[in-house]
Amino acid sequence: MIVVSAKDLTKEYGTDVILDKVSFHINQGDRVGIIGVNGAGKTTLLKILTGEILCEDGAFFISSEIRTGYLHQDGGFDSEKTVIEEVESIFGEFPQMEQQMERILERIEALSGGTLPEIDASVDAAIEDPAHAESKRLLEQYDALQERFKEKGGYTYKSEMTGILSSMAFSEDSYHKKISTLSGGERTRLALACLLLRKPDILFLDEPTNHLDIGTLKWLEQYLKNYKGTIVLVSHDRYFLDQTVNRIFEIENHKLSIYEGNYSFYAAERGKRREAELKNYEKQRKEIERQEEIIRRFKQRGTEKLAKRAASREKRLAAMDLVEKPEKSHGKMKLSFRENFQSGKDVMLAENLSKSFGYGMRRTELFHDVNMDIKRGERVCIVGANGIGKTTLLRMLMGDVTCNTGRIKLGHNVQIGYYDQGQLLLNDANTVIEELQDAYRLYNDTDMRNILGRFLFRGESVFLPIGSLSGGEKARLSLLKLMLSGANVLLLDEPTNHLDIESKEVFEEALLDFPGTCIIVSHDRYFLNRIPTRIMELTETGMENYLGTYDYYVEKKQQQIQSGKKYLETLSGKGEKQESISQECALEEELSPAERRRRQKEREAEERRLKRQKDGMEKEIATLEAEIANLEDAVCQEENATDPVKLAQIGSLLEEKKSSLEEKYEAWLALSDNCGKHF
């Protein structure tokens, strides 16, 4: 069923065309991802669909019975309520229903002298006893109200409310905070939590991944996968798009193109589609030129017969459906990092760092026992929960923030360049070109304009005040200043936050080509799968190293969790094995470090082998169970039930499949036992 239908939507601001005759439809249950460069019109399209702004031409339809919810990019929360008051207001009907049920019970008890009566089906009894009849009516009313309360989620809304708040990083300590005192990121997370709790039929989400750490992102992905409604979201997070959408709407050059798949499908299909469009255009152009040449020659001959043929070809040429020339891309940012000189091999050493704020009872510790040893050429990405102190750690490495304990030692010839995620290092009072002139006075105006052009600041846009720039434009300007700095060590704090997808790809290629050292805080998982040579997870108790990209980090974290679970199970439920475990641990201690590593690798390899076998067996079991279900359905079908021969064939095959399933389960149990022994 179509829930949103749009035809020839056109939006202009003055002489600037944002959307030009955009048409599409969205079906119930669709997950649509809207992508495009900054300024392409993604947010504008959402605001049109939610009724916040009007379009100059065209129309769209959303049924009045469909409830919609819209998450603004900035959260859009302005309230004097507390966090819990705002959330509880969503479920205002439930306390009212509870009070109504309590009043009914009190009335029944009053009528029955303090005891609830049995419902008597006897009409005569009701006539003889008016109080009994009234109690019966009230009980029926109470049952109906209680059933409606249950259906609407009255018995689960409190746990759902606290669950979503917890997933959005709101602890019970923050429930009574005034919304006006929350940070921008906290307001956005609260707005998203409230929207999810309202459960509209269509979710319109504008950059929902902003201000979310990796753990919250994974939770949100899973929640949206199971969401029963329709989702339309704007995002530059490629990993998130891959996990959550099944259609891509790309807005480019004021037009909308539709791709029936997730982001990876779009990325592969986009190039093919553009190449095919260009080939079709070139092919038709050559055919038109050929026909025009034939017409010209026929006319030159001057004969009546050839003139008629020329006229016929002209008519056919005029009636031809012309293929539009594919529009050129708006242009990509051109970025390359260089270092003025090379640093020493040892870039940075941090030992036993800790950081806390406040004093006495109000003292809050972010982290302690943080150790880092960074070598030249490494690309280290730091991950961790929101509020753990990742930005603080970067500023400590720069020397802007002091550490409570520990020391930081910089290597030989280290020159640091810093990217600030809030772009607070830019002067809002400057114009774009003045900001560069203040920092790099050796460039003349022509050179400066050429450099700015590489970062898509062209024409009059170089004279725009920085305070009026979008987040993406400020991000590009900050990257330009970083590129010109010539630093050999780049400290980058969430550098992809405000970049569109194309700019992210250019930025990633520049980092991969950079010969210096990078230390990057990021929660962009697509970025984390391309860039790092090492991932470091910051926790309250220190720093953990993972020598690989994001997928490797997730795999190792999962192994650690499973190993911990198995270990706890062993400690709690199998006391008879403690002695052998202790002996094994003692033996491990006597081994050399190299031998312990070798044994650990062998154990990990065996774990992976057994897991692959177990996963394969589970897939075979799932296939058999599906086949058995289909055969059982076939037995019940009328055409089979009246055919003894067919029924016997199905029965025989069904027994064979069930027997095979039992064997597979036996094998699976054996593999499960073996897997357990290796944790």
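**Figure 1. Asn 352, a residue with positive phi in strand S10**. In this predicted model, Asn 352 has a relative accessible area of 43% and is therefore partly exposed; buried means under 20%, exposed over 50%, and partly exposed in between, with a 1.4 Å probe and protein chains only. The phi angle of Asn 352 is near 50 degrees, a positive value in a residue other than glycine. Most residues other than glycine have a negative phi. Asn 352 is placed in strand S10; helices (H or I, at least four residues) and strands (E, at least two) are DSSP runs, numbered from the N terminus. Residues are numbered from 1 along each chain as its sequence is written, and side-chain values use heavy atoms, with hydrogens and water left out. Because the model is predicted, local features need pLDDT of at least 70 and side-chain atom pairs count only at pLDDT 80 or more, whereas totals for chains, interfaces and linings use all residues.

**Figure 2. Asn 413 in a loop between two strands**. The loop that holds Asn 413 runs between strand S13 (405–410) and strand S14 (416–419). Asn 413 is not a glycine, yet has a positive phi of about 60 degrees. Its relative accessibility of 36% is why Asn 413 counts as partly exposed.

**Figure 3. Glu 250 and its surroundings**. Glu 250 belongs to strand S8 (residues 247–252) and counts as buried because its relative accessibility is 5%. The side chain of Glu 250 forms a polar contact of 2.7 Å with the side chain of Arg 270. A polar contact is a pair of N or O atoms within 3.5 Å; within protein, one must be able to donate a hydrogen and the other to accept it, and residues adjacent in sequence count only if both atoms are side-chain atoms. Not counting residues up to four places away in sequence, Glu 250 touches several residues, among them Ile 35, Tyr 259, Tyr 266 and Arg 274; contact means heavy atoms within 4.5 Å.

**Figure 4. Lys 334 in the loop between helix H11 and strand S10**. Helix H11 spans 304–319 and strand S10 spans 346–357. Lys 334 counts as partly exposed because its relative accessibility is 47%. Leaving aside neighbours within four places in sequence, Lys 334 is in contact with Arg 454 and Phe 455. Lys 334 and Ser 503 are 169 residues apart along the chain, and their C-alpha atoms are separated by 8.9 Å.
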